[in-house]
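Here's a quick briefing for anyone meeting this structure for the first time. Have a look at the model, then read on for a tour of its pockets.

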Amino acid sequence: MIKSLVGGIVAATAFVMLSSSAMAGPEVVKGPAAEPDCFAPWAADTQFFKFPKKDGPYRIALANGYIANTWRIQMIQTAKAYAAQKDVAAKLKEFKVVSTGEDVPAQISAINNFIDSGFDAIVVNAQNPTAFGPVIKRAKEAGVVLVAFDNILDTKDAINVNVDQKGLGELWGKWLIDHIPDGGKILEVRGVAGTSVDTDRHNGIHEAFDASGKKWDVTEVAGKWDDPTAQKVTADAIATNGPFVGITGQGGDTGIVQAMIDAKHAFVPFGGETENGFRKFCAAHAADGLKCSSAGTGPAQVAVAIKTAIAALEGQVVPQSVKLPLAIVEDPNFKEGQDYFPDQSDNFFVGNSFPTCGINFTAQEIMGQTKADQ
């Protein structure tokens with residue numbers, strides 16, 4: 001009798017725990033999203049979430065990893081600029097930012113700390129897409145809205161916000177294929193190893209090459225999306241493996257072109273990101289052979305991620321995976337004052353507006369913020 005009673009209590013306790021865990025997560029509902037033009041589903045079969053509505057104002061944290069390049073620095077500045085906007089700030093009790101570097105356990109620990117501290121939502125640019133399983137489970141059980149962007153999470157239990165990174169790699173690969181009729185030696189300057197963005201873009205480039213029927217000899221170096229790093233590894237690659245008939249860079253592209261100039265390497269077709277300095281070079285040297293495809297997404301996607309987190313906390317319907325548009329300009333269509341800005345820093349990433357989400361920033365709004373944790 002006692003054994004049966006104890007067993008019943010244990011079973012009942014387990015049922016209550018499982019029930020509370022299940023209730024803590026979102027309900028899967030039918031679309032469309034609350035703002036369908038902004039929160040566009042990734043695919044036709046993307047699920048839609050509806051979280052239990054919470055009363056604001058909210059405590060939201062940004063758990064960033066890698067910080068040592070201009071995109072990530074501008075992303076932190078943009079997040080702070082968005083959180084400071086009057087209508088957004090009115091919904092926030094606290095906005096916390098922390099960057100943990102390339103140490104995956106440190107980023108996981110930071111997310112755990114935010115969960116333990118009672119934050120309502122956590123926005124994360126993940127250092128690794130597959131290492132976060134336990135902390136994703138903890139967030140779901142605690143009723144914390146977890147939104148990953150840029151470098152996303154390999155899960156259906158968190159919200160992902162991103163552009164088609166593999167499609168971006170394919171775009172760059174096809175640009176080179178179209179402008180290099182006979183194939184040949186290509187320099188591929190990759191990003192931060194182990195991140196989903198680097199892997200997806202790399203795979204897209206090589207799938208395009210493989211499907212072209214041309215012969216490609218690709219030299220890969222790690223530029224970490226950083227101008228000084230990319231410039232150095234490009235200079236080394238030119239010295240040891242050059243010359244190249246085409247180049248693709250995931251970031252740090254201003255540094256890559258500068259390395260070409262310093263080495264007196266011929267200008268060649270280039271598929272790269274959206275840095276202002278890179279686009280300046282593309283416009284200035286198009287007639288010399290620097291035929292560019294400049295595409296990507298500005299760091300303002302962090303603002304869409306924060307907006308998504310707030311919408312979820314307010315009980316609005318959001319897709320589990322949100323697809324953002326790419327910002328693209330290609331030779332010969334680089335227009336001063338629209339696609340690049342001579343009076344702005346070379347390190348400034350262009351394409352920081354998402355009109356469908358009501359998100360637009362001036363350079364002054366972004367650059368007036370710091371990259372420091374807060």
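**Pockets at a glance**

The largest pocket holds about 510 Å³ of space. A pocket here is an open set of points, on a 1 Å grid over the protein atoms alone, where a 1.4 Å probe fits, with protein on both sides within 12 Å along at least five of seven lines; lining residues have an atom within 4 Å of a point. Volume is the space filled by probe spheres set on the points, which are joined across faces, edges and corners.

This is a predicted model: local features need pLDDT of at least 70, side-chain atom pairs count only at pLDDT 80 or more, and totals for chains, interfaces and linings use all residues. Residues are numbered from 1 along each chain as its sequence is written, and side-chain values use heavy atoms, leaving out hydrogens and water.

**Largest pocket**

- Of its 24 lining residues, Trp42, Ile152, Leu153, Asn160 and Ser321 are the closest to the centre.
- Domain 1 (27-162 + 299-319) and domain 2 (165-296) both contribute to the lining, so this pocket lies between them; the domain bounds come from an automatic or database domain assignment.

**Second largest pocket**

- Here there's about 280 Å³ of space.
- Gln338, Phe341, Val350, Gly351 and Asn352 are the closest to its centre, out of 17 lining residues.

**Annotation**

- UniProt, in an unreviewed entry, places "domain: Periplasmic binding protein" at residues 60-316; such annotations may be inferred rather than shown by experiment.
- The end C-alpha atoms of residues 60-316 lie 17 Å apart.

How values were computed
Helices (H or I, at least four residues) and strands (E, at least two) are DSSP runs, numbered from the N terminus.
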